[in-house]
Amino acid sequence: MAEPPAPSKDRRATQEEIDAFFAPPLQEVKPLFIASYLAAQLFFFIALMGPAVVSIQNKAMTLFPDDTAAQASAVSQIAGLGALGAVFANVIFGQVSDRTMWRWGRRRPWLVIGILGMTVGLVIMGLTNTVPLVAIGWLVAQIGANAALAPFVAVLSDQVPEFQRARISSMISIAQNLAVLAATYLSNGLKNNLEVLFIAPAIPAILFMVWFAFVLPDKQLTIRPPRLDLIGLLKTFWVSPIKYPDYALAWWGRFLITLCSFSFTTYRLMYLVNRVGLTKDEGLSVQATSVLIYTIALMVASFLGGQLSDRLHRRKAFVFLASALFGVGVLMLAHTTTVSGFYMVEAVMGLAYGVYISVDLALVVDVLPNPDNAGKDLGVFNIANALPQSLAPYMAPFFLGIGSPEKMNYPALCYFAGICAIIGGVLAIFIRKVK
């Protein structure tokens with residue numbers, strides 16, 4: 001196959017060339033593309049979400065077995081620093097991938113570079129045993145992961161037509177949450193071998209991401225973008241909420257439900273130990289079962305939600321109802337002190353979040369300000385995912401510490417989180433561009 005012509009530094013692209021390159025996709029994506037996309041998503045998130053959801057808590061409890069306050073502090077330092085790196089990395093690499101002119105394409109090179117960087121960070125986490133070094137490892141892992149994640153998400157805008165987006169989005173969400181389930185069971189099985197727990201899942205993640213990179217029909221950018229100066233780089237982190245109010249409402253809706261989710265999941269294992277009264281080993285086992293219940297409920301709801309949203313051409317009602325129900329589930333958690341009650345709440349939250357994630361990403365792509373800069377705009381949007389993950393570990397100890405020197409006031413944390421999700425759902429009602 002002939003290689004595309006090398007871009008010229010002096011040639012100015014015609015409007016027809018610009019329109020053709022950035023034209024929205026119209027052809028249905030094929031099964032091979034979908035299979036490789038979902039496999040890469042699944043194994044990427046097994047490697048990434050294991051530490052984010054389970055392994056960091058496990059590491060903190062191993063480092064400080066008898067000090068709950070030190071455990072909470074360690075989780076906040078490690079998770080917070082990594083998520084803060086994700087905030088900047090996702091936006092920067094979204095912009096970089098939009099502008100990459102390598103012959104291998106815009107998105108493909110960063111998928112591979114990013115997954116290798118993430119693996120380096122996970123190796124550091126697995127082989128070190130102090131909070132600062134583990135935190136540095138998580139920072140490196142998050143930067144690498146988001147170097148891959150930014151172009152990975154932009155592929156949805158680049159390659160998937162509007163009439164398939166909710167269905168593909170629901171499949172992506174199912175793969176992501178299956179990854180959380182797999183990571184939870186790995187954490188339970190490898191609870192006494194943290195080095196393997198952090199490092200081993202990265203190997204299949206590399207293999208499947210490289211496979212997707214080769215399958216991806218990524219085009220070489222031959223239209224040289226304007227030079228990016230410091231002001232332009234700073235603008236990378238900004239989309240005007242006045243000029244694009246629908247995008248801003250979607251951004252804040254995602255921010256609030258993510259803040260809600262991570263306010264709880266960052267401390268889920270510690271909740272089971274300190275609130276329900278289980279041992280660490282019992283908590284790991286119950287957590288694995290609860291995540292299984294959550295994932296089954298999520299998969300069913302996500303599949304049905306994506307199908308109905310595409311068929312009815314409706315997004316907002318699904319997002320509103322799902323966000324509100326998720327918030328109610330977290331409020332129920334504030335009054336849950338038994339394993340059976342915990343399982344029931346996980347089922348409610350799984351149903352709600354399944355509908356939410358099957359539709360919300362499709363809604364976001366529908367309200368993007370500029371499809372020409374999908375990687376950059378989706379990178380800005382991903383701040384709504386990454387920033388709450390950074391803030392939640394720092395904010396949660398405040399609520400945990402209300403009237404509790406041991407930082408065990410989980411009801412206060414659940415009330416704060418649940419209200420955030422409900423407000424996020426209400427914001428979706430005011431989006432005007434999408435039904």
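Helix α14 (residues 339-366) has 28 residues, which at 1.5 Å a residue should span 40 Å, and its end C-alpha atoms lie 40 Å apart, in agreement. Here the expected span is 1.5 Å times one less than the number of residues, and helices are DSSP runs (H or I, at least four residues) numbered from the N terminus.

The model is predicted: local features need pLDDT of at least 70, side-chain atom pairs count only at pLDDT 80 or more, and totals for chains, interfaces and linings use all residues. Residues are numbered from 1 along each chain as its sequence is written, and side-chain values use heavy atoms, with hydrogens and water left out.

**Exercise 1.** Determine how many residues of α14 are buried.

*Solution.* Step 1: apply the cut-offs, by which a residue is buried under 20% relative accessible area, exposed over 50% and partly exposed in between (1.4 Å probe, protein chains only). Step 2: count along the helix; 21 of the 28 residues of α14 are buried, and the helix is mostly covered.

**Exercise 2.** Identify the partner of Glu-346 in a salt bridge and describe the surroundings of the pair.

*Solution.* Step 1: recall the criterion, a side-chain nitrogen of Lys or Arg within 4 Å of a carboxyl oxygen of Asp or Glu. Step 2: find the partner; Arg-268 forms a salt bridge with Glu-346, their closest N and O atoms being 3.1 Å apart. Step 3: place the residues; Glu-346 belongs to helix α14 and Arg-268 to helix α11 (residues 268-274), 78 residues apart, and the pair links distant parts of the chain. Step 4: check accessibility; Glu-346 has a relative accessible area of 1% and is therefore buried, and Arg-268, at 4%, also counts as buried. The structure holds one salt bridge.

**Exercise 3.** Classify the ring pair of Tyr-37 and Phe-152, then that of Phe-398 and Phe-399.

*Solution.* Step 1: state the rule, by which rings of Phe, Tyr and Trp (its six-membered ring) pair if their centres lie within 6.5 Å; planes under 30 degrees apart are stacked, over 60 edge-to-face and the rest tilted. This rule gives 21 aromatic pairs. Step 2: the centres of Tyr-37 and Phe-152 are 4.6 Å apart with planes at 40 degrees, so this pair is tilted. Tyr-37 in helix α2 (residues 31-63) and Phe-152 in helix α5 (residues 131-159) are 115 residues apart. Tyr-37 is buried at 2% relative accessibility, as is Phe-152 at 3%. Step 3: the centres of Phe-398 and Phe-399 are 5.1 Å apart with planes at 80 degrees, so this pair is edge-to-face. Phe-398 is exposed at 56%, whereas Phe-399 is buried at 16%.

Key
Helix = DSSP H or I, 4+ residues; strand = E, 2+ residues; numbered from the N terminus.
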